[in-house]
Amino acid sequence: MASRARQLVEILSQSISDIEDFLKTQDAPDLSIEQDVPLSFHANPKFASTKDAALLACKELSTLLGGSFAAITNQTTSEFANTQAICRFKIPSSFPPDRDHATYDELAANSGLPEPEVRRLVRSTLPSYIFLEKETGIVTRTAASKLLAYNPLMVQWVEMTATEIMPATLKIADAMEKWPQSGEPHQTGYNLANNTEDSAFTHMAKFPGRPEQFAQAMSLFSMGPGYSPKWLLENYPWDSLETGTVVDVGGSKGEYGIAIARKYPQIKVVIQDLPDVIEKAQSSAPADLGDRVEFMAHDFLTDQPIKDADVYLMRWILHDWSDAYSIRILRALIPALRKGARIVLHEYIVPEPGKTLTLQDRTLRIFDTAVRALTNGKEREANDWKALFAEADSRFQILSIEKPPVSSLGIIVAQWEG
Ligand SMILES: C[S@@+](CC[C@H](N)C(=O)[O-])C[C@H]1O[C@@H](n2cnc3c(N)ncnc32)[C@H](O)[C@@H]1O
(Lines give C-alpha, C1' and ligand atoms only; values in the text may rest on other atoms or scores of the structure.)
Protein backbone atom coordinates (compact mmCIF):
# COMPACT_ATOMS: atom_id res chain seq x y z
CA MET A 1 0.00 0.00 0.00
CA ALA A 2 1.19 3.53 -0.76
CA SER A 3 2.61 5.46 2.19
CA ARG A 4 0.40 8.09 3.82
CA ALA A 5 2.57 10.83 2.34
CA ARG A 6 2.14 9.34 -1.15
CA GLN A 7 -1.65 9.03 -0.61
CA LEU A 8 -1.77 12.70 0.35
CA VAL A 9 0.20 13.68 -2.74
CA GLU A 10 -2.35 11.74 -4.84
CA ILE A 11 -5.28 13.50 -3.12
CA LEU A 12 -3.55 16.82 -3.71
CA SER A 13 -2.81 16.08 -7.35
CA GLN A 14 -6.38 14.93 -8.05
CA SER A 15 -7.90 17.91 -6.20
CA ILE A 16 -5.74 20.41 -8.08
CA SER A 17 -6.73 18.82 -11.42
CA ASP A 18 -10.41 19.04 -10.40
CA ILE A 19 -9.99 22.69 -9.35
CA GLU A 20 -8.25 23.56 -12.62
CA ASP A 21 -11.03 21.85 -14.61
CA PHE A 22 -13.58 23.83 -12.61
CA LEU A 23 -11.77 27.13 -13.25
CA LYS A 24 -11.71 26.36 -16.99
CA THR A 25 -15.47 25.74 -17.06
CA GLN A 26 -15.89 29.17 -15.43
CA ASP A 27 -13.45 30.88 -17.81
CA ALA A 28 -11.50 31.90 -14.69
CA PRO A 29 -7.70 32.33 -14.59
CA ASP A 30 -5.44 29.89 -12.74
CA LEU A 31 -5.15 30.13 -8.94
CA SER A 32 -2.90 33.02 -8.07
CA ILE A 33 -1.42 34.50 -4.89
CA GLU A 34 -2.05 37.95 -6.31
CA GLN A 35 -5.73 37.57 -7.21
CA ASP A 36 -8.42 35.58 -5.35
CA VAL A 37 -10.99 33.52 -7.25
CA PRO A 38 -14.45 35.18 -7.14
CA LEU A 39 -16.09 34.81 -3.73
CA SER A 40 -19.04 33.00 -5.34
CA PHE A 41 -16.78 30.01 -6.16
CA HIS A 42 -16.47 29.24 -2.46
CA ALA A 43 -20.24 28.79 -2.33
CA ASN A 44 -20.05 26.27 -5.16
CA PRO A 45 -20.16 22.79 -3.51
CA LYS A 46 -17.81 21.22 -6.08
CA PHE A 47 -15.17 23.94 -5.75
CA ALA A 48 -15.53 24.18 -1.96
CA SER A 49 -15.26 20.44 -1.25
CA THR A 50 -12.31 19.94 -3.64
CA LYS A 51 -10.51 22.95 -2.20
CA ASP A 52 -11.09 21.67 1.36
CA ALA A 53 -9.73 18.22 0.44
CA ALA A 54 -6.62 19.85 -1.05
CA LEU A 55 -6.07 22.14 1.94
CA LEU A 56 -6.49 19.27 4.39
CA ALA A 57 -4.01 17.14 2.44
CA CYS A 58 -1.58 20.10 2.44
CA LYS A 59 -1.95 20.51 6.19
CA GLU A 60 -1.37 16.82 6.93
CA LEU A 61 1.52 16.62 4.48
CA SER A 62 3.06 19.72 6.00
CA THR A 63 2.75 18.12 9.47
CA LEU A 64 4.33 14.89 8.20
CA LEU A 65 7.23 16.76 6.66
CA GLY A 66 7.66 19.42 9.35
CA GLY A 67 7.55 16.93 12.22
CA SER A 68 6.28 17.20 15.77
CA PHE A 69 8.22 20.36 16.70
CA ALA A 70 6.73 22.33 13.81
CA ALA A 71 3.26 20.89 14.51
CA ILE A 72 3.45 22.58 17.92
CA THR A 73 5.25 25.78 16.98
CA ASN A 74 3.34 26.58 13.77
CA GLN A 75 -0.05 26.89 15.47
CA THR A 76 -2.18 30.03 15.49
CA THR A 77 -2.37 31.98 18.75
CA SER A 78 -5.65 30.39 19.91
CA GLU A 79 -4.52 26.87 18.98
CA PHE A 80 -1.32 27.56 20.88
CA ALA A 81 -3.32 28.75 23.91
CA ASN A 82 -5.06 25.37 24.01
CA THR A 83 -1.73 23.58 23.66
CA GLN A 84 -0.46 25.59 26.63
CA ALA A 85 -3.51 24.45 28.62
CA ILE A 86 -3.04 20.77 27.74
CA CYS A 87 0.58 21.11 28.90
CA ARG A 88 -0.33 22.99 32.08
CA PHE A 89 -2.77 20.20 33.01
CA LYS A 90 -0.32 17.50 31.91
CA ILE A 91 -2.77 15.84 29.55
CA PRO A 92 -0.04 14.48 27.23
CA SER A 93 1.41 12.53 30.17
CA SER A 94 -1.98 11.45 31.60
CA PHE A 95 -2.22 8.31 29.46
CA PRO A 96 -2.21 4.93 31.19
CA PRO A 97 1.27 3.38 31.40
CA ASP A 98 2.52 1.72 28.18
CA ARG A 99 -0.41 3.01 26.15
CA ASP A 100 -0.67 5.77 23.59
CA HIS A 101 -4.47 5.79 23.63
CA ALA A 102 -6.95 6.64 26.37
CA THR A 103 -10.60 7.46 26.96
CA TYR A 104 -11.59 10.94 28.07
CA ASP A 105 -12.52 9.49 31.46
CA GLU A 106 -9.02 8.06 31.87
CA LEU A 107 -7.44 11.38 30.89
CA ALA A 108 -9.74 13.22 33.28
CA ALA A 109 -8.92 10.89 36.15
CA ASN A 110 -5.17 11.12 35.59
CA SER A 111 -5.00 14.86 34.93
CA GLY A 112 -7.45 15.90 37.63
CA LEU A 113 -9.49 18.01 35.18
CA PRO A 114 -13.23 17.38 34.73
CA GLU A 115 -13.97 15.19 31.69
CA PRO A 116 -15.81 17.94 29.73
CA GLU A 117 -12.79 20.24 30.12
CA VAL A 118 -10.38 17.55 28.94
CA ARG A 119 -12.61 16.72 25.96
CA ARG A 120 -12.92 20.36 24.94
CA LEU A 121 -9.19 21.02 25.22
CA VAL A 122 -8.13 17.84 23.44
CA ARG A 123 -10.64 18.37 20.63
CA SER A 124 -9.38 21.93 20.14
CA THR A 125 -5.94 20.51 19.35
CA LEU A 126 -7.11 17.79 16.90
CA PRO A 127 -6.84 20.12 13.86
CA SER A 128 -3.15 20.66 14.69
CA TYR A 129 -2.51 16.89 15.02
CA ILE A 130 -1.51 17.27 18.66
CA PHE A 131 -3.86 14.34 19.35
CA LEU A 132 -6.01 12.09 17.14
CA GLU A 133 -9.52 10.83 17.82
CA LYS A 134 -9.80 8.07 15.23
CA GLU A 135 -12.63 6.44 17.14
CA THR A 136 -15.07 8.68 18.99
CA GLY A 137 -14.07 8.96 22.63
CA ILE A 138 -10.64 7.35 22.22
CA VAL A 139 -7.75 9.79 22.17
CA THR A 140 -4.47 8.72 20.56
CA ARG A 141 -1.14 10.43 21.18
CA THR A 142 0.67 11.73 18.11
CA ALA A 143 4.38 12.46 17.71
CA ALA A 144 3.59 16.01 18.88
CA SER A 145 1.83 14.96 22.10
CA LYS A 146 4.57 12.40 22.77
CA LEU A 147 7.08 15.25 22.46
CA LEU A 148 5.03 17.20 25.03
CA ALA A 149 4.77 14.13 27.27
CA TYR A 150 8.44 13.21 27.28
CA ASN A 151 10.44 16.38 26.59
CA PRO A 152 10.26 18.86 29.50
CA LEU A 153 12.17 21.49 27.49
CA MET A 154 9.44 21.47 24.86
CA VAL A 155 6.85 22.10 27.57
CA GLN A 156 8.98 24.95 28.93
CA TRP A 157 9.13 26.36 25.42
CA VAL A 158 5.33 26.26 25.07
CA GLU A 159 4.83 27.93 28.45
CA MET A 160 7.52 30.56 27.82
CA THR A 161 6.18 31.39 24.36
CA ALA A 162 2.62 31.69 25.64
CA THR A 163 3.50 33.80 28.67
CA GLU A 164 6.48 35.91 27.53
CA ILE A 165 6.58 36.11 23.73
CA MET A 166 2.98 36.06 22.55
CA PRO A 167 1.55 38.72 24.90
CA ALA A 168 4.53 40.98 24.06
CA THR A 169 4.20 40.53 20.28
CA LEU A 170 0.49 41.35 20.42
CA LYS A 171 1.45 44.70 21.97
CA ILE A 172 4.00 45.69 19.29
CA ALA A 173 1.56 47.98 17.49
CA ASP A 174 0.61 49.70 20.77
CA ALA A 175 4.29 50.16 21.62
CA MET A 176 4.94 51.64 18.17
CA GLU A 177 2.18 54.17 18.79
CA LYS A 178 3.27 55.00 22.31
CA TRP A 179 7.02 55.25 21.61
CA PRO A 180 7.45 55.98 17.87
CA GLN A 181 10.70 54.49 16.46
CA SER A 182 12.07 53.82 19.92
CA GLY A 183 15.18 51.67 20.21
CA GLU A 184 15.04 51.65 24.01
CA PRO A 185 14.93 48.17 25.53
CA HIS A 186 12.28 49.28 28.03
CA GLN A 187 9.82 50.75 25.48
CA THR A 188 8.49 47.55 23.95
CA GLY A 189 5.47 45.30 23.61
CA TYR A 190 6.84 43.40 26.61
CA ASN A 191 6.69 46.59 28.72
CA LEU A 192 3.06 47.16 27.83
CA ALA A 193 2.08 43.50 28.24
CA ASN A 194 3.74 43.35 31.67
CA ASN A 195 2.98 46.89 32.78
CA THR A 196 6.61 47.51 33.69
CA GLU A 197 9.26 50.16 33.08
CA ASP A 198 12.07 47.61 33.41
CA SER A 199 13.63 46.02 30.35
CA ALA A 200 12.37 42.47 29.70
CA PHE A 201 15.24 40.53 31.27
CA THR A 202 15.47 42.84 34.31
CA HIS A 203 11.72 42.43 34.83
CA MET A 204 11.77 38.64 34.40
CA ALA A 205 14.59 38.38 36.94
CA LYS A 206 12.25 39.74 39.63
CA PHE A 207 10.09 36.59 39.41
CA PRO A 208 11.55 33.31 40.65
CA GLY A 209 11.70 30.74 37.86
CA ARG A 210 10.98 33.07 34.94
CA PRO A 211 14.57 33.67 33.73
CA GLU A 212 15.29 29.95 34.17
CA GLN A 213 12.24 29.03 32.12
CA PHE A 214 13.30 31.48 29.40
CA ALA A 215 16.84 30.08 29.34
CA GLN A 216 15.64 26.46 29.26
CA ALA A 217 13.19 27.18 26.47
CA MET A 218 15.94 28.85 24.45
CA SER A 219 18.27 25.92 25.07
CA LEU A 220 15.93 23.83 22.94
CA PHE A 221 17.24 25.78 19.95
CA SER A 222 20.88 25.25 20.84
CA MET A 223 20.27 21.50 20.56
CA GLY A 224 19.47 21.75 16.86
CA PRO A 225 22.32 20.80 14.50
CA GLY A 226 22.36 24.34 13.04
CA TYR A 227 23.39 25.76 16.43
CA SER A 228 26.49 23.67 17.05
CA PRO A 229 29.63 25.70 17.90
CA LYS A 230 31.43 23.63 15.26
CA TRP A 231 30.14 25.87 12.45
CA LEU A 232 31.92 28.86 13.95
CA LEU A 233 34.99 26.77 14.77
CA GLU A 234 35.25 25.37 11.25
CA ASN A 235 34.35 28.48 9.28
CA TYR A 236 36.68 31.10 10.72
CA PRO A 237 40.49 30.80 10.38
CA TRP A 238 41.15 30.55 14.14
CA ASP A 239 44.37 28.64 13.49
CA SER A 240 45.85 31.75 11.84
CA LEU A 241 45.89 33.51 15.21
CA GLU A 242 49.10 31.88 16.43
CA THR A 243 49.35 33.01 20.08
CA GLY A 244 46.33 35.26 19.87
CA THR A 245 43.67 36.48 22.27
CA VAL A 246 39.96 36.14 21.66
CA VAL A 247 37.49 38.11 23.77
CA ASP A 248 34.05 36.44 23.91
CA VAL A 249 31.95 39.55 24.59
CA GLY A 250 28.63 38.66 26.30
CA GLY A 251 29.90 35.08 26.30
CA SER A 252 27.62 33.83 29.11
CA LYS A 253 28.94 30.47 30.39
CA GLY A 254 31.59 30.57 27.67
CA GLU A 255 30.30 27.72 25.51
CA TYR A 256 31.88 29.27 22.43
CA GLY A 257 35.00 30.73 24.02
CA ILE A 258 35.77 27.43 25.75
CA ALA A 259 35.21 25.47 22.51
CA ILE A 260 37.71 27.77 20.73
CA ALA A 261 40.29 27.43 23.53
CA ARG A 262 39.88 23.65 23.57
CA LYS A 263 40.35 23.25 19.82
CA TYR A 264 43.20 25.78 19.44
CA PRO A 265 45.75 25.34 22.25
CA GLN A 266 47.66 28.46 21.23
CA ILE A 267 44.69 30.79 21.80
CA LYS A 268 43.85 32.58 25.04
CA VAL A 269 40.19 33.41 25.60
CA VAL A 270 38.61 36.03 27.84
CA ILE A 271 34.92 35.45 28.49
CA GLN A 272 33.03 38.58 29.48
CA ASP A 273 29.48 39.00 30.74
CA LEU A 274 27.53 40.74 33.51
CA PRO A 275 28.88 40.15 37.05
CA ASP A 276 26.24 37.63 38.24
CA VAL A 277 26.53 35.60 35.03
CA ILE A 278 30.34 35.54 35.30
CA GLU A 279 30.18 34.49 38.94
CA LYS A 280 28.11 31.41 38.04
CA ALA A 281 30.11 30.68 34.88
CA GLN A 282 33.40 30.79 36.75
CA SER A 283 32.24 28.16 39.23
CA SER A 284 31.68 25.65 36.40
CA ALA A 285 34.75 26.58 34.32
CA PRO A 286 36.77 23.60 33.02
CA ALA A 287 39.94 23.16 35.05
CA ASP A 288 41.99 21.57 32.26
CA LEU A 289 42.30 24.80 30.21
CA GLY A 290 44.14 26.58 33.03
CA ASP A 291 44.83 30.27 32.54
CA ARG A 292 44.04 30.10 28.81
CA VAL A 293 40.40 30.78 29.73
CA GLU A 294 39.72 33.82 31.88
CA PHE A 295 36.33 35.07 33.07
CA MET A 296 35.77 38.80 33.48
CA ALA A 297 32.77 40.90 34.50
CA HIS A 298 32.27 43.61 31.90
CA ASP A 299 29.29 45.64 30.73
CA PHE A 300 29.59 45.77 26.94
CA LEU A 301 27.88 49.15 26.84
CA THR A 302 31.05 50.58 28.42
CA ASP A 303 34.61 50.80 27.03
CA GLN A 304 36.27 47.43 26.33
CA PRO A 305 39.06 46.87 28.88
CA ILE A 306 40.98 44.11 27.02
CA LYS A 307 43.23 46.03 24.64
CA ASP A 308 44.88 44.73 21.47
CA ALA A 309 43.10 41.35 21.29
CA ASP A 310 43.04 39.64 17.90
CA VAL A 311 39.32 38.87 17.82
CA TYR A 312 36.31 40.30 19.66
CA LEU A 313 33.62 37.65 19.25
CA MET A 314 29.98 38.46 19.80
CA ARG A 315 27.63 35.52 19.41
CA TRP A 316 23.92 36.23 19.49
CA ILE A 317 24.44 39.61 21.14
CA LEU A 318 23.46 42.41 18.77
CA HIS A 319 20.16 40.83 17.70
CA ASP A 320 18.88 41.64 21.20
CA TRP A 321 19.64 45.33 20.68
CA SER A 322 18.25 48.11 18.48
CA ASP A 323 20.52 49.80 15.93
CA ALA A 324 21.24 52.70 18.32
CA TYR A 325 22.39 50.35 21.09
CA SER A 326 24.25 47.99 18.72
CA ILE A 327 26.22 50.97 17.43
CA ARG A 328 26.99 51.91 21.01
CA ILE A 329 28.21 48.35 21.72
CA LEU A 330 30.45 48.40 18.62
CA ARG A 331 31.82 51.85 19.47
CA ALA A 332 32.62 50.69 23.02
CA LEU A 333 35.17 48.31 21.45
CA ILE A 334 37.06 51.06 19.62
CA PRO A 335 39.32 52.26 22.49
CA ALA A 336 40.70 48.70 22.73
CA LEU A 337 41.20 47.99 19.03
CA ARG A 338 44.59 47.75 17.34
CA LYS A 339 44.82 48.06 13.56
CA GLY A 340 43.85 44.74 12.02
CA ALA A 341 41.80 43.54 15.01
CA ARG A 342 38.76 41.54 13.95
CA ILE A 343 35.16 41.76 15.14
CA VAL A 344 33.45 38.41 14.54
CA LEU A 345 29.67 38.30 14.91
CA HIS A 346 27.79 34.98 14.92
CA GLU A 347 24.23 36.01 14.18
CA TYR A 348 21.27 35.28 11.95
CA ILE A 349 21.44 36.81 8.48
CA VAL A 350 17.90 37.38 7.28
CA PRO A 351 17.64 36.66 3.53
CA GLU A 352 16.79 39.68 1.44
CA PRO A 353 13.22 39.75 0.19
CA GLY A 354 12.51 39.52 -3.51
CA LYS A 355 14.72 36.49 -3.88
CA THR A 356 13.26 32.96 -3.68
CA LEU A 357 11.23 32.61 -0.48
CA THR A 358 12.62 29.97 1.87
CA LEU A 359 11.23 28.51 5.06
CA GLN A 360 14.12 30.19 6.86
CA ASP A 361 12.67 33.59 5.85
CA ARG A 362 9.53 32.85 7.81
CA THR A 363 11.42 31.59 10.86
CA LEU A 364 13.77 34.57 10.93
CA ARG A 365 10.93 37.07 10.47
CA ILE A 366 9.20 35.42 13.45
CA PHE A 367 12.41 35.71 15.50
CA ASP A 368 12.70 39.35 14.40
CA THR A 369 9.20 39.97 15.74
CA ALA A 370 10.04 38.26 19.03
CA VAL A 371 13.26 40.21 19.68
CA ARG A 372 11.49 43.44 18.74
CA ALA A 373 8.68 42.66 21.18
CA LEU A 374 11.07 41.80 24.01
CA THR A 375 13.91 44.33 23.77
CA ASN A 376 13.52 46.37 20.57
CA GLY A 377 16.17 44.04 19.14
CA LYS A 378 16.40 43.23 15.46
CA GLU A 379 17.30 40.33 13.18
CA ARG A 380 19.29 41.81 10.31
CA GLU A 381 19.82 41.33 6.59
CA ALA A 382 23.39 41.46 5.21
CA ASN A 383 22.88 45.10 4.24
CA ASP A 384 21.71 45.94 7.76
CA TRP A 385 24.93 44.45 9.16
CA LYS A 386 26.98 46.51 6.72
CA ALA A 387 25.05 49.67 7.60
CA LEU A 388 25.47 49.04 11.32
CA PHE A 389 29.28 48.87 11.11
CA ALA A 390 29.41 51.85 8.71
CA GLU A 391 27.31 53.93 11.09
CA ALA A 392 29.38 52.86 14.11
CA ASP A 393 32.65 54.01 12.48
CA SER A 394 33.94 54.24 8.93
CA ARG A 395 37.18 52.56 10.06
CA PHE A 396 35.37 49.21 10.44
CA GLN A 397 35.85 47.34 7.18
CA ILE A 398 33.52 44.41 6.49
CA LEU A 399 35.59 41.44 5.29
CA SER A 400 32.86 38.84 4.85
CA ILE A 401 29.23 38.02 5.59
CA GLU A 402 28.56 34.34 5.07
CA LYS A 403 26.32 31.58 6.34
CA PRO A 404 27.86 28.11 6.33
CA PRO A 405 25.31 25.75 4.69
CA VAL A 406 24.02 23.74 7.70
CA SER A 407 24.58 26.50 10.26
CA SER A 408 21.55 28.48 11.40
CA LEU A 409 23.71 31.49 12.15
CA GLY A 410 25.96 33.41 9.79
CA ILE A 411 29.45 34.76 10.41
CA ILE A 412 30.06 38.47 9.92
CA VAL A 413 33.71 39.51 9.98
CA ALA A 414 34.83 43.12 10.20
CA GLN A 415 38.38 44.47 10.55
CA TRP A 416 39.47 47.63 12.36
CA GLU A 417 41.45 49.84 10.00
CA GLY A 418 41.97 52.73 12.41
C1 LIG B 1 21.60 35.73 23.95
S2 LIG B 1 22.82 35.61 25.19
C3 LIG B 1 24.20 35.03 24.25
C4 LIG B 1 25.23 34.37 25.12
C5 LIG B 1 26.41 33.74 24.39
N6 LIG B 1 27.15 34.68 23.58
C7 LIG B 1 25.94 32.57 23.56
O8 LIG B 1 25.89 32.70 22.34
O9 LIG B 1 25.61 31.51 24.13
C10 LIG B 1 23.19 37.30 25.53
C11 LIG B 1 24.21 37.47 26.63
O12 LIG B 1 24.48 38.87 26.77
C13 LIG B 1 24.67 39.13 28.15
N14 LIG B 1 24.48 40.57 28.40
C15 LIG B 1 23.34 41.29 28.36
N16 LIG B 1 23.59 42.58 28.62
C17 LIG B 1 24.91 42.70 28.81
C18 LIG B 1 25.79 43.78 29.07
N19 LIG B 1 25.32 45.03 29.19
N20 LIG B 1 27.11 43.52 29.18
C21 LIG B 1 27.60 42.27 29.06
N22 LIG B 1 26.83 41.19 28.81
C23 LIG B 1 25.51 41.41 28.68
C24 LIG B 1 23.64 38.27 28.81
O25 LIG B 1 23.95 38.08 30.19
C26 LIG B 1 23.75 36.99 27.98
O27 LIG B 1 24.70 36.11 28.52
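User: How does H4 pass H8, in a left-handed or right-handed crossing?

Analyst: H4 passes H8 in a left-handed crossing. Keep in mind that this is a predicted model.

User: At what angle do H4 and H8 cross, and within what distance do the axes come?

Analyst: The two axes cross at roughly 130 degrees and come within 9 Å. H8 covers residues 152-169.

User: Which residues in H4 and H8 meet?

Analyst: From H4 there are Thr-77, Phe-80, Thr-83, Gln-84, Cys-87 and Arg-88. In H8 they meet Val-155, Trp-157, Val-158, Glu-159, Thr-161, Ala-162, Thr-163 and Met-166.

User: How many of those are nonpolar, polar and charged?

Analyst: The contact of H4 with H8 has seven nonpolar, five polar and two charged residues.

User: What about H4 and H6, at what angle do their axes cross?

Analyst: The axes of H4 (residues 77-88) and H6 (residues 115-125) cross at roughly 135 degrees, coming within 9 Å. H4 and H6 are therefore oblique to each other. H4 passes H6 in a left-handed crossing.

User: Which residues make that contact?

Analyst: Asn-82, Thr-83, Ala-85 and Ile-86 are the ones from H4, and H6 supplies Leu-121, Ser-124 and Thr-125. By class, the contact of H4 with H6 has three nonpolar, four polar and no charged residues.

User: New topic. Which residues come nearest to the ligand?

Analyst: There are 14 residues around the ligand, and Gly-250, Asp-273, Asp-299, Phe-300 and Arg-315 come nearest.

User: What lies 2.9 Å from a nitrogen atom of the ligand?

Analyst: A polar side-chain atom of Asp-299 does. For Phe-300, a polar backbone atom is 2.9 Å from a nitrogen atom of the ligand.

User: And which atom of the ligand is 2.6 Å from the side chain of Arg-315?

Analyst: An oxygen atom of the ligand is 2.6 Å from an N or O atom in that side chain.

User: Last one. Where is Arg-210 found?

Analyst: Arg-210 is in helix H12, residues 210-222. The side chains of Arg-210 and Asn-194 are joined by a polar contact of 3.2 Å.

User: Which residues does Arg-210 touch, not counting those up to four places away in sequence?

Analyst: With that exclusion, Arg-210 touches Glu-164, Tyr-190, Asn-194, His-203 and Met-204.

How values were computed
Residues are numbered from 1 along each chain as its sequence is written. This is a predicted model: local features need pLDDT of at least 70, side-chain atom pairs count only at pLDDT 80 or more; totals for chains, interfaces and linings use all residues. Side-chain values use heavy atoms; hydrogens and water are left out. Axes are lines fitted to C-alpha atoms, for helices over the stretch in contact, and angles run from 0 to 180 degrees between N-to-C directions. Helices (H or I, at least four residues) and strands (E, at least two) are DSSP runs, numbered from the N terminus. Angles under 35 degrees count as roughly parallel, over 145 as roughly antiparallel, 65 to 115 as roughly perpendicular and the rest as oblique. A crossing is left-handed if the near helix is turned anticlockwise from the far one by less than a right angle, and right-handed if clockwise. Contact means heavy atoms within 4.5 Å. Ala, Val, Leu, Ile, Met, Phe, Trp, Tyr, Cys and Pro count as nonpolar, Asp, Glu, Lys and Arg as charged, and the others, Gly among them, as polar. A residue is near a molecule or strand if one of its heavy atoms lies within 4 Å of it. A polar contact is a pair of N or O atoms within 3.5 Å; within protein, one must be able to donate a hydrogen and the other to accept it, and residues adjacent in sequence count only if both atoms are side-chain atoms.
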